[in-house]
Amino acid sequence: MKKTGLILALCILFSSQAQAFSVEHQFAVNIGTFDASRTKFTYALTPTDYKVQSTVKTNGFFDVLYPFKANYFTNGTITASGFKTRDYHYDSQTRFNYRTKNLVYNEQGIPIYRQSSKNGKEKKVDIEYNAENIDTTDLQTVFAKLAKQYNDVRFCDSRQQVFDGKRRFDVIFKDEGQEELPLSEKSPFKGLAAKCSMYIDKLEETGDDLLWQLTSDKPVYFWILKDEKTNKPFIARILIEDTPLGQLNVYTTSINVKM
């Protein structure tokens, strides 16, 4: 669950950079037989800046078994050369632990230090300059960049480099054609949707959380529809076919676009 909010960041609306706007997106998350989580995701774009924020909280009986809530926040600038992260923040509360992590970047969008804490015990680590980290970004900014690409050219295919302060890996998006998305009691959205997939290339790295269990053999699938009111594309469903607790389904329950 530590990275659930980041995975759910796939569920952003895709829209134009020609004007400032913000989007609030509500999700229901099912894992196996559990109605596991409620999530809110918001992001805002202007011609020169962006912000991405998400909150995750376990729900119902799943919350009794594994209480978890987390907040994620990223902001940065948009220039002619692309997106540059300014800073990234994460905090989470489980039954026994409260954790935080902040990544701070320089004006070139290169991470310069990582500050983290566990139950009040803080640790700051300077990040040594590494040429491999120059063109990397954080995982939430990946989806803001994908949003712009999809709005401009209407396809998902891309490969983006990510550095989380410790590990370097690639996020690979692929187009998977079109499918009819049926109406579900969990979501009001249906219709002919573009299907895409996301793969995590671990680059021979290992880890101990959900993110590192998503390999090229276990992609994340997502379906894109258009909002009837604004004609903006948005993610209507997400599917991870296999997790330690069973299939993971994410349903968009509502969207709110502010121009």
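1. Let's start with Phe83, which counts as buried at 14% relative accessibility. Buried here means under 20% relative accessible area, exposed means over 50%, and partly exposed is what lies in between (1.4 Å probe, protein chains only). You'll find Phe83 in strand E5, residues 82-93. Thr48 is 35 residues away from Phe83 in sequence, with 9.3 Å between the two C-alpha atoms in space.

2. A word on what you're looking at. This is a predicted model, in which local features need pLDDT of at least 70 and side-chain atom pairs count only at pLDDT 80 or more, while totals for chains, interfaces and linings use all residues. Residues are numbered from 1 along each chain as its sequence is written, and side-chain values use heavy atoms, with hydrogens and water left out.

3. Now the overall picture. The protein has three helices and 14 strands; these are DSSP runs, numbered from the N terminus, with helices (H or I) of at least four residues and strands (E) of at least two. Of its 259 residues, 50% count as buried. Take the contacts (heavy atoms within 4.5 Å) between residues at least 6 apart in sequence: 51% of them join residues at least 24 apart. The accessible surface is about 12,600 Å², and carbon and sulfur atoms hold 47% of that; the areas come from the Shrake-Rupley method with a 1.4 Å probe, and for residues only the protein chains shown count as cover.

4. On to the charges. Side chains of opposite charge can pair when their charged atoms come close. In this note a salt bridge needs a side-chain nitrogen of Lys or Arg within 4 Å of a carboxyl oxygen of Asp or Glu, and the structure holds seven of them. One joins Asp35 to Arg38, with the closest N and O atoms 2.7 Å apart. Both ends are partly exposed: Asp35 at 33% and Arg38 at 38% relative accessibility.

5. Another salt bridge runs between Asp63 and Lys57, where the closest N and O atoms are 3.9 Å apart. Asp63 is partly exposed at 23%, and Lys57 is partly exposed too, at 43%.

6. Have a look at Arg168 and Asp170 as well, whose side chains meet in a salt bridge at 2.7 Å, N to O. Arg168 is buried, with a relative accessible area of 16%, and Asp170 is buried at 6%. Through salt bridges that share partners, Arg159, Arg168 and Asp170 join into one network.

7. Next, the rings. Rings of Phe, Tyr and Trp (its six-membered ring) pair if their centres lie within 6.5 Å; planes under 30 degrees apart are stacked, over 60 edge-to-face, and the rest tilted. That rule gives eight aromatic pairs. Among them is the stacked pair of Phe34 and Phe61, at 6.4 Å centre to centre and 20 degrees between the planes. Phe34 sits in strand E2 (residues 34-45) and Phe61 in helix H2 (residues 60-65), so this pair ties together parts 27 residues apart in sequence. Phe61 is exposed, at 55% relative accessible area. Phe34, Phe61 and Phe62 make up one aromatic cluster.

8. Last, charges over rings. That label applies if NZ of Lys or CZ of Arg is within 6 Å of the ring centre and within 35 degrees of the ring normal. The charged end of Lys124 sits over the ring of Tyr113, 4.3 Å from its centre. Likewise, Lys195 has its charged end over the ring of Tyr221, 4.5 Å from the centre.
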